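Reader: Please take me closely through one part of this model, the pocket and what surrounds it. Keep it brisk, and give the cut-offs.

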Amino acid sequence: MKALVALFLLASACTSTRPSAVNAPADGAEYYQHNQSVSAVMPRLYPDPQGGLGHSQDPDIRVTDIRLTASYTVLYMTFGKNKDDRNGNYYGTSSISFNPKAVLASADGKRTYALAKTEGIPMSPDSRDIKNDEKVPFVLYFERLDKGVESFDLFECKSDNLNSCFNVAGMTVQNPLNSEAKQN
């Protein structure tokens, strides 16, 4: 019996009491969600309760949420044709993609943030065909805004007669320079 107790004490002395290391991202937006529909994880903010989701000259483009993670500035967006704004061209098809050289620009224009990845929309030169009555949710991940940058714009490209770009101006997010600034 003493041998059994000694063996138990020896075994328990070798067992760590520290919690196992957790290799988890800083927040949920950084989890890789392979093969999960973007719409299943995408927040719905209709109408925008706080303002700050910007405006675009293209009525087919809408920002539905903006989130800051430890690593990214994340824009949740939708693309969808409005049948009331189209003169008989609603029931065709369109092709969409996103320019990999797109940037977020601080409101003062002094700093830009590069696109890191997309979900739900391919990057050019690849494209996705959609029916004009289809609403497409997608997510854009950019470098994280510097602390203190709270107003910014999305610039994908220059629109022309053939292409409409996903440009959105006047977006805002709470991102104080320090935590004390938020309380004042």
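Author: The lining of the largest pocket divides into 7 nonpolar, 9 polar and 6 charged residues. Here Ala, Val, Leu, Ile, Met, Phe, Trp, Tyr, Cys and Pro count as nonpolar, Asp, Glu, Lys and Arg as charged, and the others, Gly among them, as polar. This is a predicted model, in which local features need pLDDT of at least 70, side-chain atom pairs count only at pLDDT 80 or more, and totals for chains, interfaces and linings use all residues. Residues are numbered from 1 along each chain as its sequence is written, and side-chain values use heavy atoms, with hydrogens and water left out.

The lining has 22 residues, and S95, I96, N163, S164 and F166 lie nearest the pocket centre. A pocket is an open set of points on a 1 Å grid over the protein atoms alone, where a 1.4 Å probe fits, with protein on both sides within 12 Å along at least five of seven lines; lining residues have an atom within 4 Å of a point. The volume is about 390 Å³, taken as the space filled by probe spheres set on the points. Strand β4 (residues 93–96) gives the most to the lining, with 3 residues. Strands are DSSP runs of E, at least two residues, numbered from the N terminus.

Now the sheet. It is open, with 8 strands in the order β1-β10-β9-β5-β6-β8-β3-β2 and antiparallel pairing. Two strands pair if DSSP finds at least two bridges between them. β1 (53–55) and β2 stand at the edges with a single partner strand each, so one side of each is left without a neighbour in the sheet.

Take β3 (residues 72–80). 8 of its 9 residues are buried, meaning under 20% relative accessible area with a 1.4 Å probe, protein chains only. β3 is joined to β2 (residues 61–68) by 7 bridges and to β8 (residues 135–143) by 9 bridges. D65 stands opposite Y76 in β3, while T73 has F142 of β8 as its bridge partner. A hairpin of 3 residues links β2 to β3.

β9 (residues 151–155) and β10 (residues 168–172) pair over 3 bridges. There, L154 is partnered by V168.

L154 also belongs to the largest nonpolar core, which has 27 residues; L75, M77, F98, L140 and F142 join L154 as those with the most contacts inside it. Such a core is a set of buried Ala, Val, Leu, Ile, Met, Phe, Trp, Tyr and Cys residues joined through side-chain atoms within 4.5 Å. β8 supplies the largest share, 4 residues.

Terms used. Buried means under 20% relative accessible area, exposed over 50%, partly exposed in between (1.4 Å probe, protein chains only).
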